[in-house]
Amino acid sequence: MKLICANFKMNLLKKDINLYLKKINNNLNNKKVIFFPSNIYIKDFHDKNYLVGAQDISFQEFGACTGDTSILQLKELGITYTLIGHSERRQFFNDDLYISKKIALAAKHKIKIILCIGESIEEFKDNKTLEILKKEIDLALKNNLKYLTTSNIIIAYEPIWAIGTNKIPTNLCIQETISLIKKYIFTTYNLKVKVLYGGSVNENNILELEKIKNIDGYLIGSSSLNPDNFLTLINKIN
Ligand code: PGA
């Protein structure tokens, strides 16, 4: 079954969350959906028995990290997954420095990792996609092999230029890139990983994306914010 991740980013207020929960009403049509709301709303989803994840974790367990949230605190709220290395974290919070430590911490505390990787538009145009993806994969995996298994790490391939832009690579391009990611991680690290696609997935393009054979799921941002649209979208996913 495909894995569907709803990344709310820094959106929605408490009243919107209440309405959202009311609308979806535990009616996800047997789809495997993980919600990634802001940390303060994780418990609301967990209390209603949804799978929940954190959009990020601190690189430290506890201590002098003002503004950060510990993985142990997030676990208390009910997370079983966390995103790591989302391009917005890499861009605004210098996340590349902390990704390896975050991966180790998540694995140590038995939280499943969704590692986000993706190239910029310049890198895409310069045919550097694979080089960039390999670099991001190595940075995350190289020092953490002893902690990682096929079941605790998933890759989300999100071309930066496709996030929130309504631009999307061709099916052929996505399929080839996913295949190269799987092959690289298997040959280099002996791990068989699942790969999700993310970036401007919506209810209009999902049927086209569903034709791609090697996609294991989706990471959905803006199209997950409206519960009606989101339900329409996930009902089109096999
Ligand atoms: P988008 O975001 O669906 O709004 O493009 C995806 C993401 O950043 O995870």
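Me: How do I read the contacts, and what percentage join residues at least 24 apart in sequence?
Reply: A contact means heavy atoms within 4.5 Å. Among contacts in the protein chain between residues at least 6 apart in sequence, that share is 72%. One caution: this is a predicted model, where local features need pLDDT of at least 70, side-chain atom pairs count only at pLDDT 80 or more, and totals for chains, interfaces and linings use all residues. Residues are numbered from 1 along each chain as its sequence is written, and side-chain values use heavy atoms, leaving out hydrogens and water.

Me: What radius of gyration does the protein chain have?
Reply: Take the radius over C-alpha atoms; the globule rule is 2.2 Å times the number of residues to the power 0.38. For 238 residues, a compact globule would have a value near 18 Å; the protein chain has 17 Å, which agrees. The C-alpha trace spans about 45 × 45 × 30 Å along its principal axes.

Me: How much of the protein chain is buried?
Reply: Buried means under 20% relative accessible area, exposed over 50%, partly exposed in between (1.4 Å probe, protein chains only). Here 53% of the 238 residues count as buried.

Me: Where is N49 found?
Reply: Helices (H or I, at least four residues) and strands (E, at least two) are DSSP runs, numbered from the N terminus. N49 is in the loop between α2 (42-47) and β3 (51-54). Its phi is near 70°, a positive value in a residue other than glycine. N49 is exposed, at 69% relative accessible area.

Me: And what is phi of N166 near?
Reply: Phi of N166 is near 65°, again positive in a non-glycine residue. N166 sits in the loop between β6 (153-157) and α8 (171-189). With a relative accessible area of 60%, N166 is exposed.
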